[in-house]
Amino acid sequence: MLTLANSYEALWPGFEARKGAELARHDTVDFMILADSPQTLFAEQVAKLQPQLEEDVKTGFALLDNFDGDLRQSGRALLWMGDGLLLLDDRAASLFQALPGNQRFVADLPDGPVKNALADLPDLRCLLELTSGSLSRRNGALVDDEGKTRTRFTLLELHGTDGNVMLVQTEKLRGYEKAHGQLQAYLLAAADGGSGATAHIYHALVPDHLPYIAKPKTVFAPDEKAVVAATHVISAYLAVAQRNEEGIIADLDTEFLHDYRVALRKIRSVLSLFRGVYSDSQTVALKRSFSELMAPTGRLRDIDVYLMERDDYYRLLPESLHGGLEEMFGRFQKSRKSELRKLTRRFEGQAYARQMTSLQALFSDTSRLHMGPAAERPVHEYARELIWKRYRKVCKMGRAIDDNTPDELVHELRINCKKLRYLMEFFAPLFSRKEVKARINDLKGLQDNLGLFNDYSVQQVALQEVLDRAKMSDRGKKLDMAKSVGALIAILHQRQLDERARVTRSFAEFDSAAVQDSFRNQFQKVTA
Amino acid sequence: MKIIACYSNKGGVGKSAAAVNLAHAAASAGVNTLLCDLDPQGASGFYYRVKPSKKLQDDRFFTDVKKFTNAIKASDYPNLDILPANMSYRDFDVFLSRMKNSRSRLKKALKSVDADYDLIILDCPPNLSTLSENVFRAADAILVPVVPTTLSERTFEQITEFFRDEGLSDKKLVPFFSMVQRQKTLHGETMARMRETYGKRFLDAFIPFTTDIERMGAHRAPVATYAARKTGGRAYDAFWQELSSRLKLT
């Protein structure tokens with residue numbers, strides 16, 4: 001059994017311990033979590049009320065969350081219990097919904113209260129089993145001397161592979177609120193201080209679970225050497241990439257591959273942005289090495305993106321052109337399979353394992369790295385200078401762009417904006433987090449605009465390639481697909497033009513006097 | 001929302017039993033039901049094991065919506081709440097009119113606690129003079145149990161007279177035969193005669209005199225919970241079916 005932490009508040013937000021047994025808790029929360037199953041629970045009367053327990057029913061259970069741990073972080077726990085889903089929330093009443101199938105994505109769940117309450121979860125992330133085991137469920141009630149039920153409860157004993165936990169769902173009956181409070185007080189005492197917070201379910205059932213953090217926060221002192229900071233960031237993102245390998249192989253959802261690639265891309269940008277921390281020759285070699293890691297994942301990611309656009313593409317085209325889309329998406333599905341197979345073989349091969357292990361070792365500290373001229377510089381000064389320079393570059397390029405500037409320069413601006421954001425993200429711990437967040441936010445409107453402009457142009461090129469690459473003996477099918485792709489390209493081209501037309505204004509908004517002042521105050525070198 | 005009053009000016013004719021079992025049948029059919037125990041003897045509350053509420057004797061009771069909503073108690077069955085009331089009829093008039101007004105604070109308060117009732121059943125006391133005619137006016141139907149004896153025939157006539165004298169619509173009166181003993185010739189003859197006199201007003205379904213129903217006092221639970229398939233349980237089921245279709249309750 002867990003002992004009670006220093007304060008109830010810490011364990012159970014909204015919960016207060018008062019004098020004696022009187023408890024106050026957010027009205028709607030209707031379950032308690034006991035760290036273990038006390039043997040003597042309900043062995044005697046509770047506040048002069050007689051406990052009555054039904055026979056127990058045994059089923060299986062699984063604790064579910066997505067890879068990002070969104071449910072755990074938001075104070076919720078989702079349990080699959082044989083016949084349905086139970087959602088517990090630190091701040092709301094629990095919800096239950098029957099679940100006939102084995103759906104892994106929230107969007108695929110049948111309509112119901114649990115699905116509604118999970119609407120905030122990212123669509124692309126599937127639900128994973130953190131752990132599973134056996135569940136024993138018992139209904140019970142506290143009954144008065146007239147035989148009237150004053151409050152009801154359900155005991156759920158969860159036996160997982162790495163730990164046990166007991167949940168007690170309590171039901172408040174109209175006119176008998178006092179008995180409900182007495183039951184809660186009793187449970188709290190019986191649990192020797194177990195708690196109501198869903199966090200305890202995770203502590204008890206998955207004590208060793210390592211949360212996944214897609215954007216690790218690296219912390220370093222202002223006078224830390226630049227090379228140490230760069231090495232830390234690379235090492236952290238290397239670990240992020242590796243955490244995703246399993247999910248890619250198991251093909252759980254497309255975000256694993258996406259996160260894997262983002263992590264590697266960040267490493268590459270550290271190598272190119274943190275100029276001079278490593279020797280030139282090592283920087284070149286490392287860049288090549290990380291490009292080689294990323295290259296085999298590109299095709300699969302492209303296909304994932306096309307498949308995500310599927311509904312949108314169908315909406316954009318009239319039904320008469322859907323035949324060609326069907327043909328095209330059928331091809332995507334097929335090549336996705338073979339790409340995934342290739343990538344899986346690669347991940348499971350020895351060469352890949354060797355490469356990752358040696359990179360890990362290389363970045364575990366700085367001893368095996370070749371220092372460049374900027375290696376020893378204090379990171380704060382170094383970071384400030386990099387950000388300021390990049391900001392100035394973005395401004396210079398942006399101010400030169402008008403509605404007639406060639407697209408290449410707009411792409412250049414996009415890339416530099418991205419670099420500026422990466423720099424601010426990497427070095428955020430050195431500055432006021434709030435301020436950095438505000439600067440990233442200043443940049444957001446412009447970045448979104450440029451991002452869409454780029455997406456539409458990339459999609460046009462890619463669709464053209466799909467068509468060029470398609471080897472088809474059936475000329476009718478080829479013609480269908482060509483018609484659909486042609487129509488799509490026309491629409492995407494128009495969208496791209498619309499985004500392009502917004503660029504000058506987006507930049508002007510970013511380039512306001514207020515934003516200029518903020519960047520200057522934060523990142524310009526103070527001259528004595 | 002519909003209001004059904006169970007009324008008889010004669011005691012011991014199966015009025016509370018009808019209210020209790022009707023409430024249970026309605027709730028079981030998914031109709032959100034409130035059973036109000038207006039009979040000082042408190043038989044409905046007794047069958048549902050709900051203790052009389054002290055709060056209700058407070059004079060300020062009906063000026064305070066919260067106090068009223070607090071007095072409602074959950075029964076041991078889904079969709080069924082009990083008001084173990086012990087109040088003056090003047091106060092009860094106020095209660096009923098507020099329940100009928102969908103914009104009243106009381107209705108809103110009940111709605112907010114998920115107690116927006118589809119059906120209110122009143123277990124009325126056996127006394128015409130003190131029961132306000134407003135309660136009869138508010139009700140959609142007044143269920144009257146009639147034991148098929150000569151004396152009860154006379155009692156039912158009194159009720160219809162009362163309704164006419166007070167200018168109330170006697171169309172609301174829904175009599176039904178209660179505690180029927182089929183082996184008694186007198187019961188059979190009285191039933192035949194009354195059905196002829198009152199036409200279709202009497203329910204076809206009737207409640208027999210049976211030990212299943214007598215045992216309610218020992219079980220302290222609706223008949224359907226312990227004798228659903230026996231004579232008593234089946235009789236109340238038929239009674240509910242007919243009533244709900246006549247009053248369009250489901």
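The following dialogue examines the terms applied to a predicted model and the values behind them.

Tutor: This is a predicted model, in which local features need pLDDT of at least 70 and side-chain atom pairs count only at pLDDT 80 or more, while totals for chains, interfaces and linings use all residues. Residues are numbered from 1 along each chain as its sequence is written, and chains are lettered from A and ligands numbered from 1 in the order in which they are written.

Student: Why is S94(A) called buried?

Tutor: A residue is buried if 20 or more other C-beta atoms, placed from the backbone, lie within 10 Å of its own, exposed if 12 or fewer, and partly exposed in between. S94(A) has 22 such atoms within 10 Å and is therefore buried. Across chain A, buried residues make up 33% of the 528 residues.

Student: Where is S94(A) placed, and which residues is S94(A) in contact with, leaving aside neighbours within four places in sequence?

Tutor: S94(A) belongs to strand β8 (residues 92–98) of chain A; strands (E, at least two residues) and helices (H or I, at least four) are DSSP runs, numbered from the N terminus. Two residues are in contact if their C-beta atoms, placed from the backbone, lie within 7 Å. With neighbours within four places set aside, S94(A) is in contact with D30(A), F31(A), L86(A), L87(A), L88(A), D89(A) and Q169(A). The C-alpha atoms of S94(A) and R76(A), 18 residues apart along the chain, are separated by 9.5 Å.

Student: What makes α13(A) and α14(A) roughly antiparallel?

Tutor: Helix α13 (residues 407–427) of chain A and helix α14 (residues 433–469) of chain A pack at about 150 degrees, with their axes 10 Å apart. Axes are lines fitted to C-alpha atoms, for helices over the stretch in contact, and angles run from 0 to 180 degrees between N-to-C directions. Angles under 35 degrees count as roughly parallel, over 145 as roughly antiparallel, 65 to 115 as roughly perpendicular and the rest as oblique. The two helices are therefore roughly antiparallel. By class, their contact has 11 nonpolar, 3 polar and 3 charged residues. Ala, Val, Leu, Ile, Met, Phe, Trp, Tyr, Cys and Pro count as nonpolar, Asp, Glu, Lys and Arg as charged, and the others, Gly among them, as polar.

Student: Why is α7(A) called oblique to α9(A)?

Tutor: The axes of helix α7 (residues 255–273) of chain A and helix α9 (residues 298–316) of chain A come within 10 Å and cross at roughly 130 degrees. That angle makes α7(A) oblique to α9(A). In this contact, L257(A), H258(A) and R261(A) of α7(A) meet L300(A), R301(A) and D304(A) of α9(A). The classes here are 2 nonpolar, 1 polar and 3 charged residues.

Student: Which domains does the assignment give for chain A, and how many residues of domain 1 are in contact with domain 2?

Tutor: The bounds, which come from an automatic or database domain assignment, are domain 1 (8–205), domain 2 (225–377) and domain 3 (378–523). In chain A, 5 residues of domain 1 are in contact with 5 residues of domain 2. The domain 1 side divides into 4 nonpolar, no polar and 1 charged. The C-alpha centres of domain 1 and domain 2 lie 40 Å apart.

Student: How many residues form the contact between chain B and chain A?

Tutor: The contact joins 11 residues of chain B with 8 residues of chain A. The chain B side has 4 nonpolar, 1 polar and 6 charged residues.
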